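Here is a short briefing on one protein model. It covers a sheet with its helix, then a pocket.

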Amino acid sequence: MALNKARLDRFLAQYCQISRKNVRLMLAQNRVFIDGIVAHNIDEIIDTFSLITLDGKVIQENSAYYIMLNKPKGVVSATSDTKHQTVLDLLDYSFKHELHIVGRLDLNTSGLVLLTNDSRWSERLTLPDKKVTKRYNVTLQNPLSEEYIAAFAQGMYFAFEDLTTKPAKLTVLSDYKAQVELIEGRYHQIKRMFGRFRNPVLALHRSSIGNLQLDGQLLEGQSRELTQSEINNIDQ
């Protein structure tokens, strides 16, 4: 029985189909353990990934998974699609159908995609007030100039949505290449921002999210699980 977050007594009462009074008795008899520690407090908060045992029997044991994928162009950020290969199609993990995508990329954008079954972790990276920076390498059809930097830093108004983009940092890497750092991800935002200069984007590649860089050892289409340090520090 998996859950997002709940009080221990409610979980046990539902799981065992008993009253909360009997749950108190169960705890008083030291029959319940959470993550290997005997549970005493009926109002203790547990979550999906809490290991819970009752009388030595495991009654909840769910593992959290965190995957980094180097997405190629032409692959959709979806769990299923009738026309295109999906990011899940690229994965070779028994648990892949438990995962959801953290920050999608467009069909023709390559680079870092994260997948997890931990909704709290994905919210840390995607909620607007978290302001987690995403970095992209951009290749353009026409030469860049210094005026791009100021325009991106100021933000751009898009009448269709009636909104102004948050300030973005643009670093000119060469005449036709730039790095763009965003804390939001509007629909085709980078392409539309360069479109203001009538400068088509030829290639777009996400290189990092927060403190997590795409592993340079991963070829296109390859993936790996994140380390504990990467999981903990991505948004620090």
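**Sheet and pocket briefing**

F33 has T53 as its bridge partner in β5. The model is predicted: local features need pLDDT of at least 70, side-chain atom pairs count only at pLDDT 80 or more, and totals for chains, interfaces and linings use all residues. Residues are numbered from 1 along each chain as its sequence is written, and side-chain values use heavy atoms, without hydrogens and water.

**Sheet and helix**

- Strand β2 (residues 32-34) and strand β5 (residues 52-54) run antiparallel, joined by three bridges. Strands (E, at least two residues) and helices (H or I, at least four) are DSSP runs, numbered from the N terminus.
- The order β3-β2-β5-β6 makes an open sheet of four strands with antiparallel pairing; two strands pair if DSSP finds at least two bridges between them.
- β3 (37-38) and β6 (57-60) are the edges, each with a single partner strand, so one side of each has no neighbour in the sheet.
- Helix α1 (residues 8-16) packs on the sheet and touches β2, β5 and β6 (contact: heavy atoms within 4.5 Å).
- The direction of α1 makes about 110° with that of β6; axes are lines fitted to C-alpha atoms, for helices over the stretch in contact, and angles run from 0 to 180 degrees between N-to-C directions.

**Pocket lining**

- β15 gives the most to the lining of the largest pocket, with three residues. A pocket is an open set of points on a 1 Å grid over the protein atoms alone, where a 1.4 Å probe fits, with protein on both sides within 12 Å along at least five of seven lines; lining residues have an atom within 4 Å of a point.
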